[in-house]
Amino acid sequence: MGTYLNPGNRGFQVITNGIYVDKTGLIDYVNSTLNTPFRLTSFSRPRRFGKSFAAKMLCAYYDKTCDSRSLFEGLEISGKKSFEKYLNRFDVIYLDMTRFISQSRTKGNNVVIDMQMAVINELREYFAGCVSEDESYLPDALIAISHQFHIQFVVIIDEWDALFREAKDDIPLQEEYIQLLRGLFKGGTATDETVAAAYMTGILPVKKYGNESAVSDFKEFTMTSPAKLAKYVGFTQEEVKALCRDHHMDFDEMSAWYDGYSFSRIQHVYSPNSVMNAVQDEEIQNYWKKSETFESLKQYIEMNFDGLKDAIILMLGDQRVQIDTGTFQNDITSFDNRDDVLTLLIHLGYLAYDQTRQEVYIPNREVSDVFQSSVKGEKWKPVEQAIGQAEALLEETIRGDSEAVAKSLELIHEKCSSVLTYNDENSLACAIYIAYYTAKNYYQIIRELPAGKGFADYAFLPRGNTDKPAMIVELKYDKDAETAIRQIHDNRYDGVLGDYYGNLLLVGINYDKDEKGVDAKRHSCVIEKA
């Protein structure tokens with residue numbers, strides 16, 4: 001058992017000793033690719049989404065120097081036909097790129113050279129007499145071993161893209177690294193004989209140069225296109241419900257904080273690190289902020305690309321923004337437009353992506369709070385001020401002070417719309433959501449709630465930790481607030497919230513673009529108790 005060659009199953013054993021959500025079905029997928037044209041898999045996900053857990057799981061399953069049967073008994077993979085066939089049958093090469101980078105930086109050495117020599121030294125010791133003393137190129141060392149001993153390797157690379165993130169400006173080093181990956185995996189008879197399968201994890205997809213992948217033979221699964229591996233991106237709704245049931249946690253709160261990522265195959269995907277921390281601590285809170293500071297987001301959303309700030313404000317206002325993810329070069333330096341920046345934020349987990357509609361949005365309350373921390377400073381002053389007024393606006397609404405609400409909305413709408421198209425219904429909806437931004441601390445806010453004969457614009461459902469009233473908010477544009485209230489009654493929107501009668505507010509809001517030919521930009525409000 002070595003550090004890089006056949007690292008054993010201890011890493012996975014430690015994982016399963018705690019609260020474990022079964023993701024071993026991923027092994028069955030990798031088994032299906034062994035010695036096929038699809039044997040090279042790249043599966044990229046954000047930090048905190050279980051990448052290293054998966055790598056250690058695969059090491060434990062394939063490593064021929066250990067017996068991992070008891071670790072997998074009762075888990076999903078143990079019921080698959082491929083389980084017995086490949087269990088502990090391969091020599092495994094395990095490369096943790098963050099570890100290599102840390103060691104090489106300490107010594108001031110070349111990480112690509114150091115990595116190869118570290119692995120070759122273990123290979124030379126394990127396969128005595130096979131690897132020459134002057135060998136320094138890892139692909140050739142593996143080929144020599146494969147030919148002499150008639151074996152194949154499973155290669156697992158954790159955080160494959162760490163070099164592109166940590167040495168983002170060292171282009172020669174990046175190119176040297178890419179050439180090594182090509183030597184290991186770029187087809188040909190020698191590689192076919194040497195590598196039974198490869199699995200790479202990372203935050204970023206495989207680096208692109210123009211429209212071409214730098215290592216084109218990999219089958220890629222990403223945050224923009226996870227395909228059949230979607231259920232392994234994070235936790236599914238069923239998995240989170242089971243955790244909440246077993247550990248007596250509030251599922252609705254868990255959902256509001258950590259759900260929101262969605263794919264065509266899996267509609268609800270949760271941030272796994274946050275869910276596990278909440279279960280372990282028996283407390284739902286923002287764990288994202290504890291593992292990463294908001295400065296990492298701030299540097300991207302403040303980039304000077306046309307439309308980027310508009311997009312961020314719209315998403316803060318619970319809107320979605322259409323983007324083209326195709327031009328992103330899969331690194332953190334090659335940005336040509338706002339869509340490249342937004343695509344990076346998808347891969348970093350700050351934004352969720354609707355593949356069908358090609359739209360991005362802020363996924364949940366936890367990430368929304370990180371955005372709120374990031375939109376500070378002179379550039380974001382109007383939005384920061386609008387959010388700062390949100391608590392007072394909520395109290396004015398609950399008091400039923402319709403004149404104060406109308407006046408506050410007028411000011412907030414003007415601030416939020418300073419870089420948007422002011423006279424636009426989406427702008428109004430965006431401003432309303434930002435105006436009530438802090439209400440999410442007390443409410444589940446649902447937009448377009450099916451109710452009565454139509455859809456209520458906004459429904460504010462009180463969370464379990466508050467005694468604040470429920471609210472239905474209806475918006476109108478160039479009409480009047482009374483019309484909004486009448487629509488709530490006529491279409492019986494309040495019926496869906498019948499359980500809240502006696503503690504339910506009906507709020508009608510209207511924005512007048514023009515008044516008798518004059519650009520008025522006037523807001524009005526009517527508040528009723530149901």
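**Figure 1. Crossing of helices α7 and α8 in the predicted model.** In this predicted model, helices α7 and α8 cross with a left-handed sense. Two packed helices are described by the angle between their axes and by the distance between those axes. Here, α7 (residues 111-126) and α8 (residues 138-149) pack at an angle of about 20°, and their axes lie 9 Å apart. Angles under 35 degrees count as roughly parallel, so α7 is roughly parallel to α8. On the α7 side, the contact is made by Gln116, Val119, Ile120 and Leu123. On the α8 side, Leu138, Pro139, Ala141, Leu142 and Ile145 take part.

**Figure 2. Asp140 in helix α8.** Asp140 is located in helix α8. Its relative accessibility is 36%, and Asp140 therefore counts as partly exposed. The view also includes Leu184, which is 44 residues away from Asp140 along the chain. The C-alpha atoms of Asp140 and Leu184 are separated by 8.8 Å.

**Figure 3. Helix α3 and its buried residues.** Helix α3 comprises twelve residues, numbered 51-62. From its first C-alpha to its last, α3 reaches 17 Å, which is close to the 16 Å expected at 1.5 Å a residue. Nine of the twelve residues of α3 are buried, so this helix is largely enclosed by the rest of the structure. The buried residues of α3 are Lys51, Ala54, Ala55, Met57, Leu58, Cys59, Ala60, Tyr61 and Tyr62.

Figure 4. Ser68 lies in the loop between α3 and α4 (69-72). Residues under 20% relative accessible area are classed as buried; because the relative accessibility of Ser68 is 0%, Ser68 counts as buried. The side chain of Ser68 makes a polar contact with the side chain of Asn9, at 3.1 Å. When neighbours within four places in sequence are left aside, Ser68 is in contact with Asn9, Ala60, Leu87 and Asn88.

**Figure 5. The chain as a whole, for orientation.** The secondary structure of the chain comprises 24 helices and 17 strands. Along the principal axes, the C-alpha atoms fill a box of roughly 90 × 45 × 35 Å. Of the 530 residues of the chain, 56% count as buried. Among contacts between residues at least 6 apart in sequence, 69% join residues at least 24 apart.

Methods. Residues numbered from 1 in each chain as written. Predicted model: local features only at pLDDT ≥ 70, side-chain atom pairs only at ≥ 80, totals over all residues. Heavy atoms only, no water. Helix = DSSP H or I, 4+ residues; strand = E, 2+ residues; numbered from the N terminus. Expected span 1.5 Å × (residues − 1). Buried < 20%, exposed > 50% of the residue type's maximum accessible area, 1.4 Å probe, protein only. Polar contact = N/O pair within 3.5 Å; in protein donor to acceptor, adjacent residues only side chain to side chain. Contact = heavy atoms within 4.5 Å. Axes fitted to C-alpha atoms, helices over the stretch in contact; angles between N-to-C directions. Parallel < 35°, antiparallel > 145°, perpendicular 65-115°, else oblique. Left-handed = near helix turned anticlockwise from the far one by under 90°.
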